[in-house]
There are 4 protein chains.
Amino acid sequence: MSYQFHSTKSHQTESSIEADFHYETTHVEVSKEGVICTPIAKDYKFKVDKKIPKMGLMMIGWGGNNGTTVTAGILANKHHICWTDRRGVHEPNYYGSYTQSATMRLGATSEGEEIYAPYKEILPFVCPDNIVVGGWDISKVNMADALKRAQVVDYDLQRQLYPYMKELVPLPSIYYKSYIAANQDDRADNVIPGTKQNHLDTVRKNIRDFKAQHGLDKIVVLWTATTERYVEIKEGLNDTAENLLKSIASGEEEVSPSTIFATAAILEGCPFVNGSPQNTLVPGVIDLANKHGGAVMGDDFKTGQTKIKSVLADFLVSSGLKLQSIVSYNHLGNNDGKNLSSPSQFRSKEISKSNVVSDVVKSNNIMYKEGEHPDHVIVIKYVPYVGDSKRAMDEYTSEIFLGGHNTIALHNTCEDSLLAAPLMIDLAVLMEFMTRVTYSIDGKEFKNFNSVMSMISYLLKAPVVPKGSPVINALFKQRECLDNFFRALLGLPCDNHLLLEGKTEHFF
Amino acid sequence: MSYQFHSTKSHQTESSIEADFHYETTHVEVSKEGVICTPIAKDYKFKVDKKIPKMGLMMIGWGGNNGTTVTAGILANKHHICWTDRRGVHEPNYYGSYTQSATMRLGATSEGEEIYAPYKEILPFVCPDNIVVGGWDISKVNMADALKRAQVVDYDLQRQLYPYMKELVPLPSIYYKSYIAANQDDRADNVIPGTKQNHLDTVRKNIRDFKAQHGLDKIVVLWTATTERYVEIKEGLNDTAENLLKSIASGEEEVSPSTIFATAAILEGCPFVNGSPQNTLVPGVIDLANKHGGAVMGDDFKTGQTKIKSVLADFLVSSGLKLQSIVSYNHLGNNDGKNLSSPSQFRSKEISKSNVVSDVVKSNNIMYKEGEHPDHVIVIKYVPYVGDSKRAMDEYTSEIFLGGHNTIALHNTCEDSLLAAPLMIDLAVLMEFMTRVTYSIDGKEFKNFNSVMSMISYLLKAPVVPKGSPVINALFKQRECLDNFFRALLGLPCDNHLLLEGKTEHFF
Amino acid sequence: MSYQFHSTKSHQTESSIEADFHYETTHVEVSKEGVICTPIAKDYKFKVDKKIPKMGLMMIGWGGNNGTTVTAGILANKHHICWTDRRGVHEPNYYGSYTQSATMRLGATSEGEEIYAPYKEILPFVCPDNIVVGGWDISKVNMADALKRAQVVDYDLQRQLYPYMKELVPLPSIYYKSYIAANQDDRADNVIPGTKQNHLDTVRKNIRDFKAQHGLDKIVVLWTATTERYVEIKEGLNDTAENLLKSIASGEEEVSPSTIFATAAILEGCPFVNGSPQNTLVPGVIDLANKHGGAVMGDDFKTGQTKIKSVLADFLVSSGLKLQSIVSYNHLGNNDGKNLSSPSQFRSKEISKSNVVSDVVKSNNIMYKEGEHPDHVIVIKYVPYVGDSKRAMDEYTSEIFLGGHNTIALHNTCEDSLLAAPLMIDLAVLMEFMTRVTYSIDGKEFKNFNSVMSMISYLLKAPVVPKGSPVINALFKQRECLDNFFRALLGLPCDNHLLLEGKTEHFF
Amino acid sequence: MSYQFHSTKSHQTESSIEADFHYETTHVEVSKEGVICTPIAKDYKFKVDKKIPKMGLMMIGWGGNNGTTVTAGILANKHHICWTDRRGVHEPNYYGSYTQSATMRLGATSEGEEIYAPYKEILPFVCPDNIVVGGWDISKVNMADALKRAQVVDYDLQRQLYPYMKELVPLPSIYYKSYIAANQDDRADNVIPGTKQNHLDTVRKNIRDFKAQHGLDKIVVLWTATTERYVEIKEGLNDTAENLLKSIASGEEEVSPSTIFATAAILEGCPFVNGSPQNTLVPGVIDLANKHGGAVMGDDFKTGQTKIKSVLADFLVSSGLKLQSIVSYNHLGNNDGKNLSSPSQFRSKEISKSNVVSDVVKSNNIMYKEGEHPDHVIVIKYVPYVGDSKRAMDEYTSEIFLGGHNTIALHNTCEDSLLAAPLMIDLAVLMEFMTRVTYSIDGKEFKNFNSVMSMISYLLKAPVVPKGSPVINALFKQRECLDNFFRALLGLPCDNHLLLEGKTEHFF
């Protein structure tokens, strides 16, 4: 199916899409006298470089369950490898990927039929089949055996992918004992020796080599290794780009492996995504990204339990039901679960998961008084037997009309890595895409978007935002943001869902 | 807190709000050559009559669980009656009501703080405390004893409300045996005698009398009686206003009680809402509403299981997860459950509940081939012991990346009437409000909105829509529609969720 | 490990075990004056023929999911076929089989350590590995392809079993359209032609041929085909052996396929088990079994939801908690689910499932008045997508102390055939075993047990019992019965669980 | 209904029941050669003192949720106080009590009808209505206000009980900060001053005073206060009665409040029960009990989640299903939950809860190799909003036939104190009863049962047992023990569940 956009707002050249966008928003001032709302508008121009680059994706923790699943999925799709399980033959797909399997509403026909289109067919995204994957891991097991170790994809697929993956071996990675759980120690047989500065230099060289070796135009670097403990944020240590680089040079303890990878990526001009919950993106990293026109985003892939929570909490509170307690229990048996069984790693996760309802609760001052919060408990347990088949058991209790209660109990069999992998592909595809979009305000020169790529918050559990920008966790709002951005690029108006043509006289 | 809207688009006079709204949407044409998307715009003017009327709410099935709960809730709030249960003292509230307990996002401050406001403080809605309630019921039990029979609100509140409600007795209602379950027969001791024409005339007189007796400006009529079987739609029978009125006059079997109430409401100039799943709003009713400038809406209050389903199905499919089976089990022990234990009444409910995912599935032609649907099972059972404490047990199975499965099992203790009652209040408040809003296109004369008030689809399980307008079930889209409509009335731009001021340079 | 039983009560010869058992029970008389309890004792002798026969198992519905799974399991164990899935390599086992994987408490050591033994090591059971399987099916698909169709066992096991199973083809079976769902019609390509008498004769010949062909000593016949509708029980039709045979000869409509198979089995001297819920074992069948010294048992394999229910209901009521409602929802996507989607087949299932709490409720006249029952709802739905992975969703609500409530909601992923298959093996093994046990009372001649083998009620959802014997559904009581019977055979005292040696002075 | 026992084994005098009981059990020896099983028998005589004493129940933690609920329940039953909630009028009952609301199978009639009798009608138990309650608490709130604080029983019952309970004020209790959570500190306004010796002496005096004041024959002392941390067991400290008393005299830190209460109870001749998980019953306490002919039992009331677990684990493993993981999540909002949010108190609970499957797993050496265990996780979280309405969310995963899995997920709304209170009443009634039963072996003199009253293990989560006696957690075995003991007292044979009269020829 071909899609045409007959809009005066957007036009395509051979090499680019250029779109005019009249951005409208509401500015609010709160004072003792009250709340004053003022509409504001800005005229934007967006430019998208249409040239789809040859792209690489380098993952830290490549040999882990997420990394192997992404690799297996891309290879299975690229080579169209089908496999058989007890239910029959399966074809590879990208289910769970927003860019590859979801659709965007375009509009409606005169007969009132709503028409949707696959994102990948209307926007010049990199096709995941063409991504060259590589990366680092503290374990030197080759990717074919790592796929077996992960126990995620079906045996018949493991078997067929073996020849494709056995030659792929992760590069040595950075391993600082204090950052991840002690139980990871015996896995660490593939580490870069030397000082922190040497680690940074080595990783930078790895990136350059990978690019050269595969003739790549661009590389996205993605942290999918296990959760680290939080680092301290301190003046002089990691508050500015300069201090951060100095701290690396002097081998400061409070510089984490993930921060070194982020630094390397930025210095090599690669977008960087932190898919784990720790605070990799310290102020110094963001400062560095700003200075180098880099693109960073985090934290923590938004899958499973938290994703549903950001939907249900929004649903309940926006229905006027007073959500009073949220209890979220998780257990899993993969290496991530093993690592998280250690308290300081769990703490990182707990923080990333617990903020997800803050914006929703804060939105309602009828039901929640200043400072009032629902009870909120988060537990993650390591249960080896369930393997990668993560289980979430949640309970949401709400106070309803006249003192009644609504209780939702939920048992969710998630399949941890099979939910995460397509999201990782989306993050790679969208981060790459965002670096091809520039904007101009009021006719001024075209610039890159803010280094913190909060446009793709939809995919992250604890989205990092530019300073002064609100954190949005509500899933449908995050999605509207992305959709409307894409509409703007295509010259379509934002979707206001009003469908006035049906509610008043019908004018088309 | 006071709210001010410094917009050039909207201005308020003593008696009205007038707003200019530049409506933008996308028109789509689908042909063999492809899909062509064309932005369309219309200049609207909206006018809201600010005069809040003295309003009545007349419910059919007033003595049922929903009707008594609405009445009790309004009285408890109006007289601020507190009550005690084992957990302590409770104050009355309108939790679960969109208009009374939910908030709308206004915008953000310069510091990036998002500001929300209660709907009821920014729009001239009727305050539910001031609604005068009344209605019809086939059982002549007074409302105080009906409240006890319902077993919904706490004993201490039942007790305190007794003197307020014991003098309230439902008017005789219309009872045609074939329309509801046989098990309702012994409840029917309060019925209007005579022919269908006599029923219509009596109901009309009841409305006029109620209006006069309480000095009301406006009355909303709301069907909250138990589910009827479907009626046949037939040429000559109920296809036009004229034929419908003729059929009533001649006592045609295929005219249901609810259709007679709808007809009476329209003829008396009252907005009418059908809160049960049957097809009350036959073409003849809608034609009649069009001719009389009436306002009708239905079907079936969107609470509990279906509401969550319209959220979860949307969430899953829009995440690129292929929802493959939905199994929805329900049981309840109130009179609604008893009536639905009869097959033809259940059938009405089944239809209303099963369509709720159609639009979501249809939106994705990557995962669902033409005509492909998830397995979808709906069961409702009568379990007297659980009373009004309705239980929903659902299972959603999705196919995910590389043949994996995501399974969500859910146990929801709903409290049937406590979820429905605030929605009924919302329907009354919003239907009344919508009849005070008129529009003008391109500077032409002001008109009423389409008789089918699909603007408030958010509150209905199987929203009726004007001809040629798509049915939207996805909850967040329904809500965006309402919110953006209200924004337009206040002169605020629609919410595009882009927050570009944070993602590019910050301009306020 | 070897087990020795130093008991004066039992002695073993080369060919048999002979045991003396002093059976004690309590006889109760209820009259107006009250309840009179009188201990009664009988001296039994049991004799077990130790010669383990070469045994065949012929299943009706052999090519269905249960039949193929039993066959696959026996072959995988016999040939020790290991298989690989995504989690790694698996060895065959008999998990879920009481005779093969469960243990019996023997007693305790002087140090208070409790010692258990596998049943199969202390009693002369047939080893399932040595059972020769065969049977009938209305579908002529060979067993290897039927295994694929079933989608139950892992692909890698399906693959390896293919050569073992492809030559196995079910014998034509009996197909009367009115007995099973219309949706089974297109499966019926392998049916015995002719009259009911011819069907009986053919099946008898099949049994004789199978015995001869494989040199078998004994054959157990097991109905595992899909559920039939109930037959009418009528004087002259099926009330006596004679009438039943006459009705078959005259081709009476109300003689079901399963009853013909039962008749054939009895006439050929084979134990017969009905594993589906319909009333196969009409009085005429039981009369026939009595006359021929046959052994029959039924109805319906006790797996999954009903098994847990018989545990939880017993647990709750025996804890003094007043179970007030049981709601049992099921869905499955295999052919059994498809057949049960037809109302009259479902009705058979509903009856078999609903009686399971009767004995438990009847046991407590403090909480339940005469005729009082918990609400009890049973639903089975056909959801193709879940396949053989049956789901049970149950809710148990109990009234507790001072008007409180205890609510247990349960989601159970059952894997229908993988739970049923080991039970079917147990039924075959135990039925065969029971036919080798005879008893003598007070020194009189040795006789067979009652034809209705209620000793193995443990394995059946709606256990048939001899006239005048109570139906026991409580699972732990059923198990105690079997255990104590086996203890008696081994010369061990029944287990009274008193452990008095620890509670008074310790005497060993 | 009257019950008569026409048994030659038991006869009743005016003051006592005397019963002969031929106890049979199996002794097992395990050596390299194998397992040797030898039946053993002993002739017991049991004597029950029929005189029902005027009994007191003194609870430590009286003012907590359990203590107030027990008190309210006894008073409501004694004075037959009915109350109303939204569902209607309720009568007081003892639902959840084994002695008051459960029944024992007596036997069957000639027609095969099974007959059951309430325990309380066939055995000379104290009637709970007549128990005089009192006790200690570190909070001096009177019992009427404590009942309100507990938020457990319905408001209308709280209200009516107010005058009965307002004069009841707990005695000052023992409070050592290190033993319970720091968050309990502000509750401790009612503590006995002085040294540990003084605490012991005061408590002893309290018991004597209470006895005198109410003219009681016997007092049971029951710890239902919040969970303490574990104490160290050390030679010289608490290993013998003598050392324990010395340690109290010298004020050793490692003597807990609960141990002092146990000591006082024993020294005053009162049975003592520890209803919390900590190791109150140190060897020195048991030694003291032995020396004084005392009766002690513990630990931790067996309600809710653990009770079901002891049923489900038994059910699964005894069905030959390999239980591989048990995940038990709990949350509650009462003061017990608050105290358990502290790690060392939680640790006590975790130990008591985790042992509950040990005996079940150990029973099966086919499926579990030496040292092999299912994964087992226990979590308890404090969620204030849910109050006393404790929630348990469990998942049981089992490996089944041919590599399949059975997964049971369970959401249980428990109502913590309403489940515990009737059990506490049972413990009081049964402990009292057990101290009226003596035994004689082989005609020797009558003696008390072992001081550790493991006969009532049925009611305890982590039953303490006499040295050399196995711990039985399987619920149905625990119940069989009690039932058979009662049968023995009544001269009825133990229940072997064989029902041979139906399975062979019918002889009555």
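**Sheet and interfaces**

Me: What is the bridge partner of V273(A) in β13(A)?
Reply: In β13(A), V273(A) has M297(A) as its bridge partner. The model is predicted, so local features need pLDDT of at least 70 and side-chain atom pairs count only at pLDDT 80 or more, while totals for chains, interfaces and linings use all residues. Residues are numbered from 1 along each chain as its sequence is written, chains are lettered from A and ligands numbered from 1 in the order in which they are written, and side-chain values use heavy atoms, with hydrogens and water left out.

Me: How many bridges join β12 to β13(A)?
Reply: Three bridges join β12 (residues 272-274) of chain A to β13(A), and the two run parallel; strands here are DSSP runs of E, at least two residues long, numbered from the N terminus, as are helices (H or I, at least four residues), and two strands pair if DSSP finds at least two bridges between them.

Me: And what packs on the sheet?
Reply: Helix α6 (residues 196-214) of chain A does, touching β5 (55-60), β10 and β11 (218-223) of chain A, and its direction makes about 160 degrees with that of β10(A). Contact means heavy atoms within 4.5 Å, and the angle, on a scale from 0 to 180 degrees, is taken between N-to-C directions of lines fitted to C-alpha atoms, for helices over the stretch in contact.

Me: Switching to chains C and D, how much area is buried between them?
Reply: About 11,900 Å², of which carbon and sulfur atoms give 62%; this is the accessible area (1.4 Å probe) that the two parts lose on being put together, summed over both. In residues, 137 of chain C are in contact with 137 of chain D.

Me: How do the β17 strands of those two chains pair?
Reply: Strand β17 (residues 405-413) of chain C and strand β17 (residues 405-413) of chain D pair in the antiparallel sense over seven bridges, and T413(C) has T407(D) as its bridge partner in β17(D).

Me: What about D against B, and how many salt bridges are there?
Reply: The rule finds two salt bridges across that interface, a salt bridge being a side-chain nitrogen of Lys or Arg within 4 Å of a carboxyl oxygen of Asp or Glu. The side chains of E415(B) and R86(D) meet in a salt bridge at 3.3 Å, N to O. Chain D and chain B bury about 1,400 Å² between them, 38% of it on carbon and sulfur atoms, and R86(D), R87(D) and Y155(D) lose the most area to chain B, together 55% of what that side buries.
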